[in-house]
Amino acid sequence: MGAQRFGEFVEVRRHGHVAELALDRPRAMNAVSSDMALAIRDACHALSADQGVRVVVVSSTHERAFCVGADLKERNSLSDAELVRQRPVARGAYTGVLDLPVPTIAAVHGFALGGGFELALACDVIVADPTAVVGLPEVSVGVIPGGGGTQLLPRRVGAARAAELIFSARRVEAAEAKELGLVDIVAGVGEDRDEALALAARIAANSPVGLRAAKRALRLGHGLDLAAGLEVEDAAWRSVAFSGDRAEGVAAFNEKRKPEWPGE
């Protein structure tokens, strides 16, 4: 297992074809400062360009938090002009995770609030443990979810449910979060990371070409009418139909053996 630091607050660990993006600012419960946002963005850009990465797991090194959101102490020190300049820096972290071309899994325990929950929402699947507490409390401090929350949450749970959660600013514990669809899997206590890595390993056994194309079709097709969505799907199918992965997958199936994906 290799590891690479991005700035002071992000570490990327490799587990074969699975990359783990670990949020590592324990003194601030992973509050996202400008420096940390840049590190997340840079790590995501590197992972996007790495053809050996088939799945990304976003995790936390803090025992009691995934991420508590934006660094409000830093925000409080910024002038209006500085806040305007800081906005694209912050957005870069959230869009960095959202735009990863491979399947992504968030491993959540403890607090995942505001921007912290938005980092999880930017992932395809959210695995939590029973200590998880999620929510978008931004209106309680005079702002709105600005890391994708107003767009990603309704796509996950529906418009009315998202409105209730965002307008009330309430925090939701793991059991209710699973019931409402805010998280997808609840693992045992302290097992969110292990469960996420195990799921990632199962996903990574599949065709890397197929995984990227399937994610592209899922993302681009969301929100389109059925006819348009099927055209998106057809374009994604055509992108893999004549690939080396497709030839290897069919051959391996017929020969009753494990495929050795060329990844092209």
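Reader: At what angle do helix α5 (residues 149–157) and helix α6 (residues 159–168) pack?
Author: In this predicted model, local features need pLDDT of at least 70 and side-chain atom pairs pLDDT 80 or more, while totals for chains, interfaces and linings use all residues. Residues are numbered from 1 along each chain as its sequence is written, and side-chain values use heavy atoms, without hydrogens and water. The axes of α5 and α6 (DSSP runs of H or I, at least four residues; lines fitted to C-alpha atoms over the stretch in contact, N-to-C angles from 0 to 180 degrees) lie 7 Å apart. The packing angle is about 130 degrees.

Reader: Which class of orientation does the pair α5 and α6 fall into?
Author: Angles under 35 degrees count as roughly parallel, over 145 as roughly antiparallel, 65 to 115 as roughly perpendicular and the rest as oblique. The angle of α5 with α6 is about 130 degrees. The two helices are therefore oblique.

Reader: Which residues of α6 meet α5?
Author: Contact means heavy atoms within 4.5 Å. Gly 149, Thr 150, Leu 153, Pro 154 and Val 157 form the α5 side. Their partners in α6 are Ala 159, Arg 161, Ala 162, Leu 165 and Ile 166.

Reader: Which strands stand at the edges of the open sheet of 7 strands?
Author: The order is β1-β2-β3-β4-β6-β8-β11, with mixed pairing (strands are E runs of at least two residues; a pair needs at least two DSSP bridges). One side of each edge strand lacks a neighbour in the sheet, because each has a single partner strand. The edge strands are β1 (3–6) and β11 (185–186).

Reader: Which residue of β6 stands opposite Val 58?
Author: Strands β4 (residues 55–60) and β6 (residues 104–108) run parallel, joined by 3 bridges. Opposite Val 58 stands Ala 106.
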